[in-house]
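Visitor: I'd like to learn how to read a fold from the picture. Could you walk me through this one?

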Amino acid sequence: MIRVLLADDQALIRAGFAALVDAEADMTVVGQASTGREAVALARRSRPDVVLMDVRMPDGDGLQATREIVGTAGLERCRVVVVTTFELDEYVAEAVRAGASGFLVKDTEPAELLRAVRVAAAGDALLSPGPTRRLLARVAGGLRRAEAPERLAVLTDREREVLVLVAGGLTNEEIAERLFLSPLTAKTHVSRVMGKLGARDRVQLVVLAYETGLVAPGWQP
């Protein structure tokens, strides 16, 4: 059972998300928060698998709440998904830097929201390659070049190739096909890159690729 925490200051949005989630046999809502501080407290108490987090909330916004949740011992497997609008690109960029594992827009289709919850809970890439590339292209300008390129020195040439393709939004299967590898080998390479760079998930790998200058905004594989 996937445990979901909802954090949004609009009661109507929370109610709509809750109705969708609770109608599914494999997931349940374990809490609803209307402020950032309440979201953190509920996450620590209920230990959700996925948090659907609004950005703009009173009493500690979604950015601060995300930082606190991902930094809490015992919540290492909790995935925060930022629910926002395209008009808030700078907030999305900061949310990813804070530790969010992916993005959703508030007018997303119900089926896509449910799929996103399942995919995030599994620890996989949250969005399909096309939307991932388009969204990251929009938010890349808000990412600060805070990471030194030397951080990538721990990677082998092959692992750098894999990281570039991950940054392009390719799945493990697509990476395997591009590099003439088996899907299992591609998955192993991605896992090793995550381990060496201390990334929580694929979204964090994409951010690192942009921040270190390995890829540039607008690039496509």
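**Reading the sheet and a helix**

Guide: Let's start with the sheet: five strands make an open sheet, ordered β2-β1-β3-β4-β5, with parallel pairing. The model is predicted: local features need pLDDT of at least 70, side-chain atom pairs count only at pLDDT 80 or more, and totals for chains, interfaces and linings use all residues. Residues are numbered from 1 along each chain as its sequence is written, and side-chain values use heavy atoms, leaving out hydrogens and water.

Visitor: Which are the edge strands?

Guide: In general, strands of a sheet pair through backbone hydrogen bonds, either parallel or antiparallel. Here the edges are β2 (27–33) and β5 (102–105), each pairing on one side only. Two strands pair if DSSP finds at least two bridges between them; strands (E, at least two residues) and helices (H or I, at least four) are DSSP runs, numbered from the N terminus.

Visitor: How many bridges join β3 to β4?

Guide: Five, and β4 covers residues 79–84. For instance, Val 51 has Val 80 as its bridge partner in β4. Helix α3 (residues 62–70) packs on the sheet, where it touches β3 and β4. Its direction makes about 160 degrees with that of β3, using lines fitted to C-alpha atoms (for helices, over the stretch in contact) and angles from 0 to 180 degrees between N-to-C directions.

Visitor: What does the UniProt annotation say about Asp 54?

Guide: The unreviewed UniProt entry marks Asp 54 as "modified residue: 4-aspartylphosphate". Such annotations may be inferred rather than shown by experiment; positions follow the numbering used here, and feature names are shortened. Asp 54 lies in strand β3 (residues 50–54).

Visitor: Is Asp 54 buried or exposed?

Guide: Buried, with a relative accessible area of 6%. Buried means under 20% relative accessible area, exposed over 50% and partly exposed in between (1.4 Å probe, protein chains only). Beyond its neighbours within four places in sequence, Asp 54 is in contact with Ala 7, Asp 8, Asp 9, Gly 62, Val 83 and Lys 106, where contact means heavy atoms within 4.5 Å.

Visitor: Which residues of helix α8 are buried?

Guide: In α8 (residues 172–179), they are Asn 172, Ile 175, Ala 176 and Leu 179. Down the axis of α8, these fall within an arc of 100 degrees, so they line one face of the helix; the arc is that of the directions from the helix axis to the C-beta atoms. They pack against α7 (157–167), α9 (183–197) and α10 (202–211). The face turned away from the buried side carries exposed Glu 173 and Glu 177.
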